[in-house]
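The exercises below are meant to be worked through with the model in view. Please try each task before reading its solution.

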Amino acid sequence: MTTIGHDPDPQETQEWRDALAGVIAAEGPERAAQLLAGLADDAKRAGVPFSSGVGGKIVTPYVNTIAVSEEPAYPGDIELERKIEAAVRWNAMALVVRANKVSSELGGHVASYASAATLYEVAFNHFFRAAGPNHGGDLVFFQGHSSPGFYARAFMEGRLDQAHMDNFRQEVGGQGLSSYPHPWLMPNFWQFPTVSMGLAPIMSIYQARFMKYLDNRELIDAGDRNVWTFLGDGEMDEPESLGQITIAAREGLDNLKWVVNCNLQRLDGPVRGNGKIIQELEGVFRGAGWNVIKVVWGSNWDPLFASDPSSKLLQLVDETLDGNYQSLRAGGAKATRDEFFGKYPETAALIAGWDDARISALRRGGHDPKKVYAAYARAMERNGRPTVILAKTIKGFGMGSSGEGQNVAHQAKKMHDVDLRNMRDAFGLPIPDADLATVPFYKPDEKSPEMQYFRERLAALGSVPQRRRKSTTSLAVPELSAFKGQLEATGERHISTTMAFVRVLSALLKDKTLGKHIVPIVADESRTFGMEGLFRQLGIYSHVGQNYTPQDADQLMWYREDKKGQILQEGIDEAGATSSWIAAGTSYSNHDLPMIPFYIYYSMFGFQRVGDLMWAAGDIRTRGFLIGGTSGRTTLNGEGLQHEDGQSQIMASFVPNCVSYDPTYSFELAVIIRDGLRRMVAEQEDVYYYITLMNENYEHPAMPAGAEEGILRGMHLLRDGGKGKKAPRVQLLGSGSILREVEAAADLLRDDFGVVADVWSATSFNELRRDGIDVERWNLLHPTEKARVSYVAQCLEGHAGPAIAATDYIRTYADAIRPYLDRRYVVLGTDGFGRSDFRTKLRTFFEVNRHYVAIAALKALADDGEIPASKVAEAIVKYGIDPSKPNPVTV
């Protein structure tokens, strides 16, 4: 217990404390909490500046949350578990050190797992449950930098052999192990990619919530499954780490368990050298409504606290800063005796007569299996709130002078000979001196008591981590004819591709096979995208249902929340919505239940805002649809610079397994979505789709015969300019909102200059580019065989004239196919910052309207010698183009 500031009347303070102790002894802690809460309310009403906790913060003293008297009996054989942990520790170290014996080029981390080994081993032996016939399995987000420890454990299990271990971080052409948890690289092993720090916390929250969502919709029985997430204290500074913790409490995610390894060090130095990270995090999580369990001190501290009548030790541990704790550990027993306990006579007396070995043996809580088990057991209690365990450890524990408690610990990849020997001796490993130089892997004999115990625990709980690559069943996908309404012309009706999407989605929701598997996700823009009609039909998911009367209850499309609601309405929260989409898109693996998420959002707030999550989605093999609404630099005419998207399609191209399209017409959209369903749901291919939509209304034609292949491969002929004409000819390519300007340019060229234009709908320049790269690579590696031809070149074969492409994205998008064309190629795009105005003005400003497309075509013909340059000048005057107009890129 810590006194705030100077205490003018210690005797009175002690009387209050004694009274509290009497209530706890006679009536229990619940009654004491009730009295304290009442006093707190009285103090607030009286105007007393007060906050529950120490120093005005919502924190408890710097001791373990669970009292010694409340600790459960340890259910396992601690000595055998110690031996198993020692072997895993050694092998984790050996994995990295062996890989870097020649040089440090491969890298790797030893210190993170060294600090967390006990935290993991207790969980492996008693809590983590793998998926099996009688249990759906826990989801575990392992801390990325601790990956050597999990490989070391899998080696003990026999799931990895020495060939794997000898190829740590050597993945090309062999049995290599990925540097960190990467499902893309090790699809049967890792569940989640976690090394991009901050992503595991937010993803785990939404995985836990999606598990509740599926359970409430009665699609799975979640039972007592949990989501475990292991994090570092330095990682908690990432915005995504703490940004969504209130959602976890609000959603009642008592299936969510976070373990924060508080070794007090981040990559380059202390996390809070001038503060106390455990206390800081406790305040944050308590304020957010989480259960907080602190595991600060090991069991051999218990007698010290119990024999401290002056409470000076409590005061000392509370006032000592994290930077000092780190220095004390590095300074050894002498520093601990003189600089820590020696600060006060009362604390010095507590260790009088102790030798250095006894002082050095004082453990932090995260290295004590009894304390860790007690915390995990408490965390398993379901009380409607998520739980965070703040466990204090030492970075590089057991590494000695090679890294223990040192600022350089994170970069340590090698071990000094003396430290290898000391580590072997400290953990009691039977490795001969003669073998130490080779840093051998060690596995106890299968008949040894520790390995028999190890096998028993595996038989009881299963092997973790492991990943399901495909769901047990695939879903049947409707034929394209199911979207008949979108394949036909709209006639005089003007609709947007957003409206066409809603109609496709509505058709899928009515499908008897797929309907219940659809997960519509929005980030508070349902009405913008015309989806409010789904509110009443499907309901908006809420884990508590709807306990209020909505303002629009008397309307047809009222805002209906429901415990079995299907729509995930995430509020103004793109990162959260993306994490929900990832959770739904990985349900086939995590729950053996394929789900089909459609997340629709402002395209500008997609890849640009949450690009790291989009990359992780590729790594984790997410399957689903990202729908970038109001896309293009000129289509969202009134919103301006931060809303108008001219780059999301380029960003989509960064993710290797993201298939992206920029369709203009409803038939293109229907074909793309249907094929995405085929690939992801029926054939279970590990891709996801990014499709951009516009909010601009216009007529949509019927699908041309034979267009389906071209739509999917990235390009199809929309308008043939005619055959056998002697006139100059050009090939016009367009996509999204600018395709219609390209069509209008074809009319201008024909009517004003007698130029014939074929018009191509380029549904995906990204897919055309990928095809071109594949063809180019094949030709490079097969020089003696007949060269292959890119799809874009195949399309244009027999169609004369230069090619001109115009899109509502920066020039980089359409320019990507330049190497795969055999003719002059001119690209128009919307480079520069967006701004607010009418669409016609914006397209003139960015020089992508029909007039600029026509001028670009004429200039290309002139450069090819097909027409005189004077025709281009004539067009510039005719269309009112100002040659001195500033370049939009620089304005």
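**Exercise 1.** Does Glu282 count as buried or exposed, and at what relative accessibility?

*Solution.* Start with the source: this is a predicted model, in which local features need pLDDT of at least 70 and side-chain atom pairs count only at pLDDT 80 or more, while totals for chains, interfaces and linings use all residues. Residues are numbered from 1 along each chain as its sequence is written, and side-chain values use heavy atoms, with hydrogens and water left out.

Next, apply the cut-offs: buried means under 20% relative accessible area, exposed over 50%, and partly exposed in between (1.4 Å probe, protein chains only). With 0% relative accessibility, Glu282 counts as buried. Its salt-bridge partner is Arg286, with 2.8 Å between the closest N and O atoms; a salt bridge here is a side-chain nitrogen of Lys or Arg within 4 Å of a carboxyl oxygen of Asp or Glu. Arg286, at 28% relative accessibility, counts as partly exposed. Because Arg286 and Glu282 are four residues apart in helix H10 (residues 277-288), about one helical turn separates them; helices (H or I, at least four residues) and strands (E, at least two) are DSSP runs, numbered from the N terminus.

**Exercise 2.** Find which parts of the chain the salt bridge between Lys371 and Glu71 ties together.

*Solution.* First, note that the side chains of Lys371 and Glu71 meet in a salt bridge at 2.4 Å, N to O. Lys371 belongs to helix H16 and Glu71 to the loop between helix H2 (29-45) and H3, so the pair joins parts that are 300 residues apart in sequence.

**Exercise 3.** Describe how helices H33 and H34 are arranged.

*Solution.* Begin with the axes, which are lines fitted to C-alpha atoms, for helices over the stretch in contact, with angles running from 0 to 180 degrees between N-to-C directions. Those of H33 (residues 850-863) and H34 (residues 869-878) come within 8 Å and cross at roughly 165°. H33 and H34 are therefore roughly antiparallel to each other, given that angles under 35 degrees count as roughly parallel, over 145 as roughly antiparallel, 65 to 115 as roughly perpendicular and the rest as oblique.
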